[in-house]
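Please keep the viewer open as you read.

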Amino acid sequence: MNLLLLAVLLALAGAAYLLGRRRATKLVGGDPRALHSRPTYHGYYVALWCGLPALALVLVWWLAQPQVLDRVVLAEAPASVQQLPPERVDLFLRDARSLAYGGVTSGTPTPELERAAERFRSLQTAGRVGLSAAALSLAVAGLTWGRRRVSPEFRARNAVERSLDVFLVSCSTVAILTTIGIVLSLIFEAARFFALVSPTEFLFGTQWSPQTALRADQVGSSGAFGAIPVFAGTLVITIIAMAVAVPVGLMAAIYLSEYARSSARAVLKPVLEVLAGVPTVVYGFFAALTVGPVIRGIGNTVGLDVASESALGAGLVMGIMIIPFVSSLSDDVISAVPQAMRDGALGLGSTKSEMIKRVVLPAALHGIVGAVLLAVSRAIGETMIVVMAAGLAANLTANPLEAVTTVTVQIVTLLVGDQEFDSAKTLAAFALGLVLFFVTLVLNVIALRVVRRYREQYE
Amino acid sequence: MSEATLGQSRRTDVHTSDAAQRRLRRRYAAERRFQLYGLFAIGIALFALGWLLTSIVGRGYTAFTQSRVVLEVEFARDVLDPDATGDRQVLSGANYAALVKSSLREQFPDVSGRRERRALNALVSSGAAFQLREMVLADPSLVGTRRAVSVPLSDDSDMFFKGFIRRDVGESERKLNDAQVGWLDALQERGLVERVFNTTFLTSGDSREPELAGIWGAVVGTTLTLLVTLLLCFPIGVAAAVYLEEFAPTNRWTDLIEVNINNLAAVPSIVFGLLGLAVFLNFFGLPRSAPLVGGMVLALMTLPTVIIAGRAALKAVPPSIREAALGVGASPVQTVLQHVLPLALPGILTGTIIGMARALGESAPLLMIGMVAFIVDIPSGLTSPSTVLPVQVYLWADSPERAFVEKTSAAIMVLLAFLILMNLAAVLLRRKYEQKW
């Protein structure tokens, strides 16, 4: 139905384009030189007047409809329903909706529910008919209005270009809106969480067991939301990943940019990029099924007790994933070091490695630090590898052979599956998300600033 | 003369004395070591890649074949349609599992006892009954006839024939007992077992039974999701890139937008999932598990990539093009839309394809918006519940059955194949339209 309406509106706009163009041509007797704007612009102008207001109306109604229908149905519901606590009212409305549109209700439908569902259905039909009529008449009105404005002196091109400008600006604000959306949604949900659990307990507590908060009447029903073990686990895995990725990535970048012949470089660089293109879920599977058992086997032969979901396995594989990230970023900064500095060092008689260690790396240090910071933020935010290969239980330890959990793992386990949306358990995920977003944001800002300063140094 | 000798001896002192030679040897050794470290680092990366790929392909390639058994099935009228009504309802509700069981009993008439029979029946997939039902519904004249039908074996039998369940370990340690192994051997000796290309894997949806599970549902879900992503992020991304690169004045506001885009590009993907959950699902009340929402979340995630690539491509178009167009009287908008943008388009497309490839491999944000449900049906629209390939991989990787390991690896192979195709397209596009100004 909605699709049909959209199709009709688009067809109308197309017709409006043709009408506007024809009218413009006809007004000047087929001589476009007498027009201020070329006929197509008049066509676009009429089409915009025809399509935009109607489409805007459809969009607004589409967004507002659920709330409006809920309000109306609730206002007409008997007082017994209106006096229910808010969650029960929500449940009532949800049941009425699913009864109306053919879903599963949470119990046998009561007469009030049947009536509400009936009202939902009738309101929706009415809304549909009303919307179609309003949108179509708006489109036709716009078409007539736009067509009337067409005249040889009319500056259609300027009008069309102005609306295009508005479109471009609004598209570029999507990025800002996304950031605002992220920040607001995280802060709102986290604030609800911090109303239940104090921020100091969350940030400095050493007990993390959100899964105990299952039933309200249970002992210890509030759960324990001290996130220190979760942060510590994230730190352990990040350190392991960096211990793999930074030396390997950096040395690979140095070798590729300073030693490798260009033919070898042409082959090796894309191969490294392949590592970057492998989806993280594949690394997770690899870590859980191949690397984990191998590490466990090695540990057993040496006589060490290795957990099957050890931090080492997840960290190693995460490090492998980040190698190309580190190497391509450092490659960029190393090649940005001016050739004159290299030539100077070589001219003084240093070997190539001395030149790299004493001149190139110190000169590129800023950029490399920036690259490492970006890699750290990447490792902290990485999800699938740790979800599949790291542990679920929070465990405050620095031993890489034991299972630890991370912020992202906890977010996933808290939010996947059945959830009641107001419990501290699910809201805790948003608090963790807020911490994650904040930490990675700070890392990124610092890294980008460092890299930018470095670039300015040599430009 | 004496001066020259002195100078020469001093020179030999500095450069050819034993100490100097040792120092030089040390420096050259350090040089070689350093170069070796570099090679070693490259070696580690290559080894990791090779290990990853061989372990995936080594586990996965067997999933593209399937073991089936050819059974003589008696489409007995008294089981399917005792009253000879010919009614479809009766036919579709009949007990087809009984047909499979009786034809297995024909093969092994001396098997008796409830437990033994059940063990025997467990060798054949529960999908066999569905297959017979489909056959009869498609052609009701089969009722009362007898013919040889190739039906899928259960996942354990399949694993046995593929060599993953070994006969030399103790009976208690394998999923098939000795009697079942004996029956399977007998079936193979009679030439009834065949290994065919596994079309089920490519054409069906998810299932709890590994031998009936397929990736088609996930492939369709992925296509729908990426379609939404492309439709949203390509126009918005191009428009934003054009504005920022061509029209935006340099002021605080555009600076803010730029910093924003660079930061968004580095925000962890799971945070976008949280955004989708809080805004799209809880605030706007859009349906869970829907490709529409998944596509929207992935579009927000991919947008920075497209914008950054688009700006780079626009920047690469030389100013002379703009000046020429403006010089012959085009308006700034006409200049950009009719001259600059077409020249930058190949670069923008390349960036978009790379962004889409990233979105194709992404699963974490989709977990947040409920695309992890177990969904058997092939998704039919943008709001019907569905899953995507990477999430399917995640779901199967969690399943305990040995047969799912094989399916997971095979699904990964399909996913990687799609990724390679997309990246190849990007490379070719770049090669074909790359322009040196």
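## Charged pairs

A:Arg157 and A:Glu161 form a salt bridge, with 3.3 Å between the closest N and O atoms. A salt bridge here is a side-chain nitrogen of Lys or Arg within 4 Å of a carboxyl oxygen of Asp or Glu. This is a predicted model, in which local features need pLDDT of at least 70, side-chain atom pairs count only at pLDDT 80 or more, and totals for chains, interfaces and linings use all residues. Residues are numbered from 1 along each chain as its sequence is written, chains are lettered from A and ligands numbered from 1 in the order in which they are written, and side-chain values use heavy atoms, with hydrogens and water left out.

Both A:Arg157 and A:Glu161 sit in helix 6 (residues 156-172) of chain A, four residues apart, about one turn of the helix. Helices (H or I, at least four residues) are DSSP runs, numbered from the N terminus. A:Arg157 is partly exposed, at a relative accessible area of 22%, while A:Glu161 is buried, at 12%. The cut-offs are under 20% relative accessible area for buried and over 50% for exposed, with partly exposed in between (1.4 Å probe, protein chains only).

In chain B, B:Asp168 and B:Arg166 meet through their side chains in another salt bridge, at 3.2 Å from N to O. Here B:Asp168 counts as exposed, at 57% relative accessibility, and B:Arg166 as partly exposed, at 48%.

| Salt bridge | N to O distance |
|---|---|
| A:Arg157 and A:Glu161 | 3.3 Å |
| B:Asp168 and B:Arg166 | 3.2 Å |

Over all chains, the structure holds 20 salt bridges. A network of them links B:Glu72, B:Glu74, B:Glu106 and B:Arg146.

## A positive patch

B:Lys101, B:Arg105, B:Arg114, B:Arg117 and B:Arg118 form a positive surface patch. Patch residues have over 30% relative accessible area and no salt bridge, and like charges are joined within 9 Å. Helix 5 (96-107) and helix 6 (114-121) of chain B are the elements that give two or more residues to the patch. Helix 6 of chain B gives the most, with three residues. B:Arg118 is found in that helix and is exposed, with a relative accessible area of 58%.

How many disulfides does the structure hold over all chains? The count is zero, where a disulfide is a pair of cysteine sulfur atoms within 2.5 Å. For B:Cys233, which is in no disulfide, the nearest cysteine sulfur is that of A:Cys171, 12 Å away. B:Cys233 is buried, at a relative accessible area of 1%, and A:Cys50 counts as buried at 0%.

Finally, A:Ala24 lies in helix 1 (residues 2-27) of chain A and is buried, with a relative accessible area of 0%. A:Ala24 and A:Phe188 are 164 residues apart in sequence and 53 Å apart in space, C-alpha to C-alpha.

Notes. Patch = residues over 30% accessible without salt bridge, like charges linked within 9 Å, V, L, I, M, F, W, Y side chains within 5 Å. Areas by Shrake-Rupley, 256 points an atom, 1.4 Å probe, with all protein chains shown as cover. Lys, Arg positive; Asp, Glu negative; His and termini not counted. Charge placed at Lys NZ, Arg CZ, Asp CG, Glu CD.
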